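Visitor: I'd like to learn how to read a contact between two chains, and then how to read a single residue. Can we go through one example together?

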Amino acid sequence: MALTRRRFVGIASLTAAGSAASVGALNRLERVMARRGEWYDRTEERVPSICQLCPGGCGLSVRVVDGIPVKVEGNPIHPVNQGRLCPRGLAGLQSLYDPDRLVSPAKRVGDRGSGEWEKISWDEALEILAARLGSLRDAETPHSLAVMGGEYRGITHRLWDRFATAFGTPNYMRMRTLAPEKPSPVAAMMHGEQRPITYDLAEASFVLSFGCSWLEGWRSPVNQMMAYGEMRAGRNGGRAEIVHVEPRMSISAASADLWLPVRPGTEGVLALGLAHLILRERLFDEDFIDNNVLGFEGWTGSDGRRHPGYREMVLEEYTPVRVSEITGVRAETIVSVARRFALKRPAIALDEDRSALHGHDLFTRMAIHSLNVLVGSIGAVGGVLPGNQSLPLDDWPNLELDETSRRGLSIRRLDGAGSGERFLDDEVPRGIAEAVLDENAAPIEVLILHRANPLYGRADKELFRRALEQVPMVVSLSTVTDETSRYADLILPEHHFLERWQDDEVTFLAGFTAFSIGRPTVGPLYDTRLGGEVVFSLARKIGGRVAAAFPWKSYEECLKNTCHGLFRSGRGYVVSSPSDEMLRQVLQRQGYRAPEFDSYSEFWDAISSSGAWWERFEPYERTLHSFNTPSGRLELIPQLLNRRLEEAASQQVSGETSVGEEKGKLLMALGVAPDADLSLYPRLLVASADATEDDDSYPFLLKTYELLTIGQGIGANLPWLQENIAVHVDGAWDSWVEIHPDTAHALAIRDGAMVVVESAAGELTLRARLNSGTRPEVIAIPVGQGHSAGGRWARDRGVDPSDLVTSKKAAGEGLGFGEPTRVRIRQG
Amino acid sequence: MKAIGISRAARRGCAAGLLLVSGCWQGSTTQPIQFNHLLHMEEVGLECTDCHRYVKRAEFAGRPTVDICAECHEELLTDSAQEAILVEYIQADEAIPWERLYEVPDHVYYSHRRHVAVAKIDCDVCHGKIGRSDRPPQRPLQRLTMDFCLVCHEQQGASTDCNACHR
Amino acid sequence: MMDRDILHEEDGVLLAPIVTTQRNFYYTVAVLLALVLWGAAAYITQWRMGLGVTGLNQPVSWGFYITNFVFFIGISHAGTLISAILRICNAEWRRPITRMAEVITVMVLAIGAANILVDLGRPDRMLNIIKFGRYQSPLLWDATSISAYFTASTVYLWLPMIPDIAILRDTVGKRMRWFYEILALGWTGSKRQMAVLERGIGIMTILVVPIAVSVHTVVSFVFSMTLQPMWHSTIFGPYFVVGAIFSGIAALIIAMLIIRKVFHLEGYLKPVHFYHLGTLLLVMSLLWFYFTFAEYLTGFYGSEPEEMKVFWSKFTGHYAPYFWGMVVCNFVIPLIALSYRKNHVLARTFIASATICIGMWLERFIIVVPTLANPRLEYGPGSYLPTWVEWGETAGCFGLFILFYVLFTKLFPIISIWEIREGRERSVALVVERVQDYLPDSANGENAADAVQTTEQSDDEPAHSDPVLPEPGSRAEKLITFFQYFVPVSFTFAIFGLIYWIISLIFLARRLDDVPSASIGISFVAIPVFLTMLGVMWYVFFGIMRNQEEQADPAGPATSTEVAEGVAR
Amino acid sequence: MTRWGMVIDLDRCTGCQSCVIACKAENNIPFVGAEQARMGRDINWMEIISEIHYEGDEVKRRFIPRPCFHCESAPCTKVCPVHATYLTDDGLVAQIFHRCIGCRFCMAACPYTAKYFNWSYYQIPDQMTLGRNPDVSVRPAGVVEKCTFCHHRQLKARDRAAAEGRQMMPEEFVTACQESCPSAAILFGDLDDPDSEVAKAAHSPRAFRMLEELGTHPKVFYLKEEENIDG
């Protein structure tokens, strides 16, 4: 019976779709669906996987019943999350069964953005793309291919990087916001660190967070929440104290012991105000500073000028009364927080957050980080730890480039990263868009987007839209029809993360590094392919040296080869049950290491069924003596910054301007007045903060924030998350603007009323929610809604606050130089 | 939305109607192969658990897969037409679409292991004399109603708490 | 036709609606049917799509249906209770009122109970209440109490109607005769039958009062047995009973006024009746206000935060318009309208009654919804906006009620003819006698005795003689006798069914170790009550049937003219 | 006899809603859609209540996860007319979906508003039905549902233990919310076993129960937030 039906469906879809490939897709889902209706046997297994809904890197354990995933849970032995999971991860199952997923490759037949497609086969699709790419190489212009990647890391990134290099384009870039595996600019400048510094939150006694929503979205939220639980449990040193500084009461602020609603943009001033007290009361770690820090005391330069040091500057300028005036925090509070911060060590001041703090972002962050330095938390247990060692993964065979590629690679990147005003950035996605629209720049012929969606949630999305219209061929490799896919000429549907082999490198958490592996939990439901394997097939179709660069048959094989290094290195362990783990620790402490696997295949079986390999670091000994800075010390006046500044300035110099003038301009761009060398201290201008009060036409400041549920929009098509979008306001399936009750009262706005929020860039109509957890002059709108594509539940729901953002320099990208947006509200 | 509402209402109406018309009507089941339980048990000497392998180990009894059949029926053993159908399935390595005969609703938690391995209840008690049938019955030999369960539970002193079986 | 003639005789006007049909009747029925159809459409939609089509939601899980349930059950107190009280009190002005009141009870009770069924999410599992009912739940107390009240008031409606049905049997044309014949049970109006009937009515009168009180008390228990703020109150029982009588009287007055107007019964329903009922209404209004005041004052004085959330939402919050509307409708307007009734008695009573009906509905609403909308934990207030489905079903309920009423007036006299007659013949003397009983003995005593004598003499002859029965032994006669027996037999089965059900539920409660609460008490009491009712039923039935046989020979066939003569006397 | 109970440490809770979504995924709780959710018909067996209060001019917010409290003297079980909700021997307030007639009396009686009603036939796309947990029945429209303390997990654990010829250990029975909670704020176990973690926590001086004054004796305890001594 079922057989004939199945056959019938097959035939029906054959005639309907007219393509053998799509029949396979329908057939497969149909088969899985039919199984559910049948008599089935409930055999159950657990398959390890990795959550891809944020860069946190949580290990998943997927409950698979009769070959069908029925629940996503945390992997209990995974070091990142130890069986715990955040709501978004738990809802990941719904994204697998999302009815609006891309089901087969397609090519555009209507106008750009019209969303009219024709289904084609994979062969056909890859042929079209490969032919186009081949012609680029034939024309000796491989650099006119640009590849833009979204949220992924590990082997996929290496594959694209390798592809771009082998192909010969310098224009491979990632569109991410403060990727956790990258060092923060502050660490890069002050520590000379090339790896992300980590925060030993679980062991800390005091956490002072400056707008860092560490319980909602930063780095690995689940891991941080676990640390939060530890901090609350009253460990040896008693219950840790948490103070949160932010104009809006985020979830992190609500969970803290004290919320300091600071005026927007004055976080750095507050940090220096706290530093002032620590210095004045001599509560800082003198030993650490004497031995490891440069720039604390003043010095006389080579030109004979006297330069005041950090201490002098802070003591002079940031008195509690003045800081209190600027920040709006009471002086007594500043005094008491400063004392507790300095005395309850180990203490951590968290500066990193995805969103920019203000125009003078870099210096704000430096000011905040200087607090860590003052109390000697650098390298201390429960403090700020330097970067973890990198993973012992196998290198891939050396790339042999042909002449075309070499020539292509020698051409300067189109986004201008690393020079001019972008001298601090590695990659500037908007630079590509600008280059496309700039008639003088070299043209982009083909743009491949892998999980990147520049047309949503960015202040510069309009720029991208115009740019995409100019690019002759846009290819989107993605699982869902996002906004950008609508503009693509070719759609290559990717496996959902539960359908594919996965890998992930976790190097940004304190105390350990891990390499996670995820197995497919279910065969692909549709006619999709694994992103990495698309690269392989593409390279193979292009042929030549490009094809030779990818000797692997499948992604699995590539992964297996790459992991070999983990086995060979003799370091770390495959994760296992807590009792085994305990035994290992005992042995390790005594200096033993028991080899657990005889062969690599055994190792591979173990890692792919348990989900991860990890390496623990023993509690960090304070043995820090060298930093990778010019002086070898931790620099409060980062010479690296000065050096980069000068390099960039000298590149900019043209006939009429001097290096000094150019340097001044760049400093202006960093939000600092170009007055002499003092500017390289974590010193802040406070004028911009005061100017906010009397702006009549746009009296309010807009604060956008991420929700733990839908994040930057990735969870927007998951009904569970939409329905439980937030706990602090009633906002299911919608967007809202949070307004302080006093403000709302003055504007005669009632809770739940529709209001219009207007900025110089545009206006949005949305529901008002009164919330006393915000400063009166600040209004807050969550990001993640307001999609124009991306599935039935995401589309046309709520608003995207990036429509209001006036600073077109996208906030939260590289160094976020985003100026805050000023808005006004009226009743809708 | 509307259509579904109607069909649901209709289904409910039909169910109520049927219930009134005949209290014990259950529909009939036709199996893809006219399997002879009696032959396998009497002449071949198999036990229930030889083919329904999970009976003592899991919640479900286990629908015999082709692999199990293939252990004996790699090739035709007899000239039975039914066996020929089976061999076709085996050679195509395709699952035999057995129809389910005994079924409890999805709001009931039933575990074979609990009843067979722990409580040592014979298969016959719930499945009737299916082992002695020479062709697949069209209707369950024993109607599995809640009263049927409860009577036995009360006799055996097993839990009669609703929550013990309902989920 | 001969039955037309009767219209011109005394009390003929009472039979007019039955004998003649005016065009307005059809219009009314059409309009009401439209309402009922709207309700039916709403319910069909709800059955198909689930309760999602209503405006009910998470905290506000009860709305219009429960409000209607309480309201209609409240209205039901109009009837049987009031008529019983008036009967017990020997209030002679009751005579034209009782029937109207009793009819309201029977119909409205059914509609009220149906509202609970409408409210069910799974009406297809309705029988679970009977199969697996649990006496711990106040809902089951309701079921018991309401079924007792329903049977009692049906009996109580029917018994006093028997003589009137007999009149109809003898006057109305052939088409409907079988119907009246069955229901009249061969009533001849003999003295013996009269005695039996009056005794039956007497017992029912007593029985019905506690049942009626229990019904609304138990309805209030649905709310007061929970721990919810502003529900969990000890005075809810009497408060609801008072409210029920209050709204019942108001509904009764409206019905009386409309009937008086439509059927031209000015001669029967005189301003004095309204004056008396108005006084009663005023008293109830004050009593209602007293209870409301006490209820809210205690809540306010105690100031429990959760209680105050509900309190303020009623006083100043979202529900303030309904709350204050209720106070105005139930207290302010009636007080003004009824305090001064020198002229425009009818208009004033009507205004008061109409506002009270609205006000009492609001009161039920204000009891049900705000408590649910303000949950104890901080979820934020819930809201409730009924949809067309709830409006439809509410309209349907009212439509159905009025439709039933209209149809009833089409089938039976809405004013008890024999009681009116009896009043005319006997009550003056009885009242005189009674009043004299109260007074110190005097020489006038004999006069009164004379008066009694005369009435008794006139009562010697049956009020109306034997009906035109079908040929004895004919098939039709046998069939009618069969159906006559069928009535009490089916009633017996129903009663024993109920008793069996109650007993099995008590055993179930024992098995489940349920709280041995008032529930068991209620159920225990219910059994003798039901048995008493059964006894009354059989007593009256046999009394009438036996007497009919005895009288079959001596009394010759009676004609309507004889009846008319009787009436004339 | 075991008496299942839960302790939720409010000091640890961050209001992340992991428990809420884990519960939805585990128990096949339907999403109701934007329109229905706006009417307040969303179903959350586990719900986070967000409370705002003021300490002086300081605004404080706290998050309270609210499952069904499985009260020892549950107001909802008393009013159920058909024995669809009742207290089991091991202290769970059972909810038998297939007995329920949908009168919603229990919802009205629950002082915690922890019971939910299936207002409509909630349709989910066919694909999504694949992701349903086969251990939990899908409730039809018109019945009341609520947190069962992941009773089906207990059934399975019991079954496993029985097959191995032993008593079920309390650790074998873990609720979905407890399992997912990132900050380990939820403890679950046997309140009658004095050595169990949950029983110890329930006797902590920080422990309190919701609306304790009502005498419902909830079996879910909360541990109130701690203050830093020097703060």
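Visitor: How many residues of chain D are in contact with chain A, and how many of chain A with chain D?

Guide: Keep in mind that this is a predicted model. In it, 60 residues of chain D touch 67 residues of chain A.

Visitor: What area do chain D and chain A bury between them?

Guide: Interface size is often quoted as the accessible area lost when the parts come together. Here chain D and chain A bury about 5000 Å², with 55% of that on carbon and sulfur atoms.

Visitor: Which element of chain D gives the most to the side that touches chain A?

Guide: That's helix 1 of chain D, with seven residues. By class, the side of chain D touching chain A has 26 nonpolar, 15 polar and 19 charged residues.

Visitor: Now the single residue. Where is A:Thr484, and is it buried or exposed?

Guide: Look in the loop between strand 18 (473–478) and strand 19 (490–493) of chain A. A:Thr484 counts as buried because its relative accessible area is 0%, and the cut-off is under 20%.

Visitor: Which side chain does the side chain of A:Thr484 make a polar contact with?

Guide: The side chain of A:Asn453, at 2.4 Å. Beyond its neighbours within four places in sequence, A:Thr484 also has contacts that include A:Leu449, A:Pro454 and A:Leu468.

How values were computed
Residues numbered from 1 in each chain as written. Chains lettered and ligands numbered in written order. Predicted model: local features only at pLDDT ≥ 70, side-chain atom pairs only at ≥ 80, totals over all residues. Heavy atoms only, no water. Helix = DSSP H or I, 4+ residues; strand = E, 2+ residues; numbered from the N terminus. Buried < 20%, exposed > 50% of the residue type's maximum accessible area, 1.4 Å probe, protein only. Polar contact = N/O pair within 3.5 Å; in protein donor to acceptor, adjacent residues only side chain to side chain. Contact = heavy atoms within 4.5 Å. Buried area = accessible area lost by both parts, 1.4 Å probe. Nonpolar A, V, L, I, M, F, W, Y, C, P; charged D, E, K, R; others polar.
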